[in-house]
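User: I would like to learn how to read sheets, helix packing and chain contacts in a model. Could you take me through one, feature by feature?

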Amino acid sequence: MGHFVIVGILVIVFAVLTYFGLDVAGVARQMHPVEASLQSVSIDWMWNWEIIAISFLFALIVVPMAYSMIVFRRKKGDTGEGEHFEGNTTLEIVWTVVPLFIVLVFAYMGSYSLSEIRRVDPNAVVIKVKAQQFAWTFEYPEYGIFSNELHLPVDQQVVLKMESADVIHSFWVPEFRVKQDVVPGRVTEYRITPILVGDYKVRCAELCGTSHAYMQNAVIVDEQNVYDAWIAEQQAIALANQTPAGIGQRLTVKNGCTGCHSIDGSPLTGPTWFGIFGEEVKLADGTVVEVDDAYVAESILDPNAKIVEGYPAPSLMPAYTFTETEIANIIAYIKTLK
Amino acid sequence: MKPTLRGFLFLVVGALLGYALGVGIVSLIAGSLTLVALVPILLATSIGLMAFFWGATGNSAITKGFIWLNLGGVIGFVVGLLLDFIITGFRGLNWNAPVASLFVLLFGFTAFFWGLAGYRAAITRGLVSQILGTLIGAIFVTLIRVLMGLEWKGAFFFTEPAWVLGAFVGVLFFIAGNGSASDWFKWARGIDTPEHHEEHYSGWEKYFNVSLDHKVIGIQYTITALLLISIGGLFALIFRTELAASQLQFLTVDMKLFGQNGPQLYNTFMSLHGMIMIVSILLGVAGIINYAVPLLLGAQDMAFPRLNAFSFWIAVPAAVLLLMSLILGGFDTGWTGYPPLSAKAPVGIQMFFLGVFTAGWSSILGALNVVATVIRMRAKGMTAMRMPIFVWAAVATSIIAMTATQLIGLSFQLVMFQRLFGMGFFDPAKGGNPVLFQHLFWFYSHPAVYVFVLPGLGVISELLPVFARKPLFGYRWIAMSSMGIALVGFVVWAHHMFTSGMNEYLRVPFMYSTLLVAIPTGVKFFSWVATIWKGKLTYPTPMLFVLGAIVVFLLGGLTGPPNAAISVDLHLHDTYFIVGHFHDTIFGGFVFPFFAALYYWFPKATGRRMNETLGKIHFWLMTPSFFVLTLGMMQIGLLGMRRRIVDYDVELGFDSTHLVLTIAGYLIGLSVLIFFYNFFNSIKNGEKAEGNLWNSRSPEWQVPSPMPTHNYEQPFEVVGEPYDYGLAGSKYVEFIAPQQKANINKGEESYVTHTG
């Protein structure tokens, strides 16, 4: 009986220490990012119970194992066999039924947590999200605004209606915890209630191709008044800036162009637009062309026609259909990037 | 020891020479950036290995193999270069052409076996036929395309349909050429064949030829698995190196190799690491099962020896196809190959699909054979509840492999047809549904992880009593828990799809079913602990790996339930937490037990044992490194590290953790390298171990090692429980006296004539 008492005490001590260690790591933000959404609170609550179970079960197996390995090791010169017992039906039933009960409790808790994070607020703000290789575009349908940054008001449920233009993507802001795939051919829904003002990033969590790692956009949670001011500002900009370049700029945002073509010279999936107009570029087949109106127009309508050296062939860019005016506006915008 | 030392000396010299030669060639042709890095490394490796074996073994077959490898590589390069010259319209030589790389691989690989075992060897004839078949099939399609006025040349010389048919014909040619199906053709023509035909070959040569002996096939499987593990592991080290710091280090955007830039190459390596490891695990599982199960049952062979040989040999062209996918443009979808991304990937994905499809045949047919063998060929007195516990695991695994593998083949085939014929199964624009693919895919690919781990858990249960000197605690419960895991494993697949946009409420039953897996798995853990309780434990290398396996698998098992709880999984899905969890389950459930089994049964197969000291170094180097690797992965995963990314945001502050993970990865690689040296060196130079080395009750240890060709000279009868260690005077098996044996043999012979 002595062995059982010692192991029992050790299991409890080890379990408590393990949980304590993991809890300290959790408090020190070494285990999770900050809780920035109402949903993350419920998810972390569930996670905490998982950690308690893990700590206990890990101790329950590892401690008697380590104890046996030390205490029941074969002593020098001993040639005997171990104690002969083949099983114990009562014990087997106990360690089948008790875990079954625990599993059912955890499944119930899991269902409860799921219902918590899916709680619907009928007044939720609706934002449309378009995902494409390799950028996110956000549309505020109430205000007619398109943006590359997702601005959200704090303490207000929002529902993102997400669509994909090409392959499967996945919307994930680690601080919000929740993740949702964006599937071509359907609209998926992402419901979140931000509770902490701050700057975050949405990152694509489902492998979507070459530049998957860089498919990330800013997510900004603001106080309601700051958010309202941002909306007003965006509307004002859209109204005021009716020059061809201004319209072109909004077109590129709306269509996600800048997900692959940087406007500041930094390298992305496609060639940067910064200072490119009027320059000469070398193509994959060795020829050199000047970036003029005709070249840009051709590259938008048929991305495979001329591929710049060092970029993948066939091109990763889908062929776009724009009107002539729209193309002229985009070119006007590219000309301003110097 | 002396020749080995000379070998290493030659290795250094050869590698340096190869590197210098490579640098020289590159400076001559002034190639691109990639060539500068790759050619010298490649030449250093192949010439270095050649020099190593020259130094260590003299002018032996293996030295000849490496000489031929180098020659074949050069010839392949020239041929490929010329083909590429044709498709670029004679616009100058492209030293970096993927077609050239492809032919280096195919020719070099084939020439290696040609040099090693000669043209008559089944492996050489198979590979030569595969190359011919691939070309014939591809040229056939190309001719049709020319006649129809379609474009006949693609980015990799042939067009995609030509490559697909070519690859398929190549697989058929491999089988036709290597002769593993020839007995069936002879029977069809009314010609009789001998029951066994490996007697033509002596010694090591039989491993390169078609053998019907389950022990030879088991070893063929195991060696192929080890080869693939080292390739898959090499891929992991390559991308682990890239991940050591944020930003792109060497897989940069402006590099170009095999028609891919750095990030694309990263995706290909990462995807192939997954699938090559999966295939290698399937082969490793088949290796252990093939070798051990007939011995444990007291059978002379598997139920269908020819089907057994076929199942092994079909896996070889499958492995070649997987490697071809790397060079033919690769693919960037991960091993899961989700459409629509896989519908847009380069032609490499077709080779990947076909490779998996072909490896699936191997798995299904091999499993069928195991089930038939266990049902029909047990020794006298071996009732279901007196079978060695590993046999239960083998049956449970085989039931899954036999009934679920079809689904991954099917799902990949549908994408293949979507690409080739425009059938929009998963294309929303044509009314298809991308999520349907995920259901089909995971219907196999979740049970598949139980295919990987159940045999490993069987090895743990089989070996623990031997080294604890105690009966296996709760034999019946452990046996039933394997079947329980196999059955529940079929109804949990959608837990991989909680974020996929599938029906919201349908996720809840899948959470329940997933959590239920914990119960039979728990039974195993508790029974193992009770098995070592009050034993007399010793710690030779196999036991160390068994104990390591339990702890690692426990960690993998316990990190599973958080993923099953839907709300938590919405955070964890597609992060490094999953990567860590998954590697824990596979290392605990397969890799550690696989090594345990190799150390344990190595003396049975060779009559010599592996070096204990090196074995312990292997264990103590690998285990802590592995804990660091997976726990580190889980931690950064929780903090926001996505899986399958070539680069991570420096702001996340993961740089130092990733550096540690990379070092841990290299240490695991080093420990496996030590294992390889120990393994191959011990075959010839290991300490002799011909008796019952582990003092086991199991039948295979009651006869001398290495195992006689036709297994038990005298059949045995089961007279007791398998694991009654410590029960005085008890026996598991009793060999039947010769006069009785004569009768049994007669019965067996008439039975044998009815089998394939």
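**Reading the sheets of chain A**

Analyst: Gladly. Let us begin with a sheet of chain A, an open one in which five strands follow the order S3-S2-S1-S5-S8 with mixed pairing. Please keep in mind that this is a predicted model.

User: Which strands stand at the edges of this sheet, each with a single partner strand?

Analyst: Strand S3 (145-147) and S8 of chain A do; each has a single partner strand, so one side of each is left without a neighbour in the sheet.

User: How should I follow the pairing from strand to strand?

Analyst: Walk along the order and note the sense of each pair. S3(A) runs antiparallel to strand S2 (residues 135-140) of chain A, and three bridges join them. In that pair, Glu139(A) is opposite Phe146(A) of S3(A). Next, S2(A) pairs with S1(A) over five bridges, in the antiparallel sense, and Val129(A) faces Phe138(A) in S2(A).

User: How many residues lie between S1(A) and S2(A) in their hairpin?

Analyst: Two residues lie between them. On we go: strand S1 (residues 125-132) and strand S5 (residues 158-164) of chain A are parallel, with seven bridges. Two of the bridge partners in S5(A) are Val158(A), which goes with Val125(A), and Leu160(A), which goes with Ile127(A).

User: In what sense do S5(A) and S8(A) pair, parallel or antiparallel?

Analyst: Antiparallel, over five bridges, where S8 of chain A covers residues 188-192. Here Lys161(A) sits opposite Glu189(A) of S8(A).

User: Which helix lies across S2 and S3 of chain A?

Analyst: That is helix H5 (residues 244-254) of chain A, and it runs at about 65° to S3(A).

User: Let me try another sheet. What is the strand order in the open sheet that includes S4 of chain A?

Analyst: The order is S4-S10-S9-S6-S7 in chain A, five strands with mixed pairing. Strand S4 (150-153) and strand S7 (179-182) of chain A are the edge strands, each pairing on one side only.

User: How do I read two helices packed together?

Analyst: Start with the axes, then turn to the residues that meet. Helix H9 (residues 262-297) and helix H14 (residues 434-468) of chain B have axes that come within 10 Å and cross at roughly 35°. Their crossing is left-handed. From H9(B), Ile281(B), Val285(B), Ile288(B) and Ile289(B) meet Val451(B), Phe452(B) and Pro455(B) of H14(B). By class, this contact has seven nonpolar, no polar and no charged residues.

User: Why would residues a few places apart point the same way?

Analyst: An α-helix has 3.6 residues a turn, so residues three or four places apart point the same way.

**Where the chains touch**

User: How many residues does each chain bring to the contact?

Analyst: Chain B gives 71 residues and chain A gives 71 residues. On the side of chain B that touches chain A, the largest share, eight residues, comes from helix H17 (residues 518-532) of chain B. That side of chain B divides into 44 nonpolar, 17 polar and ten charged residues.

Notes: Residues numbered from 1 in each chain as written. Chains lettered and ligands numbered in written order. Predicted model: local features only at pLDDT ≥ 70, side-chain atom pairs only at ≥ 80, totals over all residues. Contact = placed C-beta atoms within 7 Å. Helix = DSSP H or I, 4+ residues; strand = E, 2+ residues; numbered from the N terminus. Nonpolar A, V, L, I, M, F, W, Y, C, P; charged D, E, K, R; others polar. Pairing = 2+ DSSP bridges. Axes fitted to C-alpha atoms, helices over the stretch in contact; angles between N-to-C directions. Left-handed = near helix turned anticlockwise from the far one by under 90°.
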